[in-house]
Amino acid sequence: MQGEIDQYGFERIQLTSLTALDQLIAEHFDLPPQPYTTDIRAALELVIWALDNDSHPYFAIFKSDDDAFPGKPFGVGFARKTWHYNKSAALTICIDALYQLKQIEVDLKLNEPE
């Protein structure tokens with residue numbers, strides 16, 4: 001899968017399924033195929049990857065129904081002061097890992113139930 005590169009050097013990819021997102025993660029992080037977007041244990045492999053491979057590893061996660069965006073209580077950051085929010089911890093880890101660690105911005109247009 002390949003998308004367009006924007007003016008800041010980020011690759012923008014539109015996906016229509018969590019399966020495609022799982023495949024993208026496996027390819028870009030050289031990890032075995034797993035349900036990264038739905039299984040928190042699999043998603044934590046991305047945190048381990050960052051700790052092992054990033055020159056300045058950082059990871060934070062929180063859940064707050066009060067402070068987060070409506071319907072997106074999980075906040076994840078692989079970089080200080082930069083957060084992504086979504087409705088599940090696993091999906092949020094995946095989206096932010098691709099963005100912060102691989103400079104890939106995913107536009108997820110789901111055709112299947114989350």
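Entry 1, helix α2. I looked up which residues of α2 are buried (under 20% relative accessible area; exposed is over 50%, partly exposed in between; 1.4 Å probe, protein chains only). They are Ala42, Ala43, Leu46, Val47, Trp49 and Ala50. Helices (H or I, at least four residues) and strands (E, at least two) are DSSP runs, numbered from the N terminus. The model is predicted, so local features need pLDDT of at least 70 and side-chain atom pairs count only at pLDDT 80 or more, while totals for chains, interfaces and linings use all residues. Residues are numbered from 1 along each chain as its sequence is written, and side-chain values use heavy atoms, with hydrogens and water left out.

I then checked what the buried residues of α2 pack against: α1, β4 (74-79) and α3 (89-102). Contact here means heavy atoms within 4.5 Å. An α-helix has 3.6 residues a turn, so residues three or four places apart point the same way.

I checked the span of α2 (residues 40-53) as well: its 14 residues reach 20 Å from first C-alpha to last, close to the 20 Å expected at 1.5 Å a residue. The expected span is 1.5 Å times one less than the number of residues.

I placed Ala90 in helix α3. Ala90 counts as buried, at 5% relative accessibility. Leaving out residues up to four places away in sequence, I found that Ala90 touches Tyr36, Thr37, Thr38, Asp39, Ile40 and Ala43. The C-alpha atoms of Ala90 and Arg41 are separated by 8.1 Å, at 49 residues apart along the chain.

Entry 3, the sheet. In what order do the three strands of the open sheet run? I read β1-β2-β6, with mixed pairing. The edge strands are β1 (4-5) and β6, each pairing on one side only. Two strands pair if DSSP finds at least two bridges between them.

β1 and β2 pair in the antiparallel sense over two bridges, and Glu4 has Arg12 in β2 as its bridge partner. Their hairpin has five residues between the strands, and Gly9 in it takes a positive phi near 90°. β2 and β6 pair in the parallel sense over five bridges. Across that pairing, Arg12 stands opposite Glu105, and Gln14 stands opposite Asp107.

Helix α1 (residues 18-29) lies across β2 and β6, at about 170° to β6. Axes are lines fitted to C-alpha atoms, for helices over the stretch in contact, and angles run from 0 to 180 degrees between N-to-C directions.

The rule is a side-chain nitrogen of Lys or Arg within 4 Å of a carboxyl oxygen of Asp or Glu. How many salt bridges does this rule give? I count two.

One joins Glu105 and Arg12 at 2.3 Å, N to O. Glu105 lies in β6 (residues 104-108) and Arg12 in β2 (residues 11-15), so the pair ties together parts 93 residues apart in sequence. Glu105 is partly exposed at 29% relative accessibility, and Arg12 is partly exposed at 40%.

The side chains of Lys109 and Asp107 also form a salt bridge, at 3.7 Å, N to O. Lys109 is partly exposed, at 43%, and Asp107 is partly exposed, at 34%.
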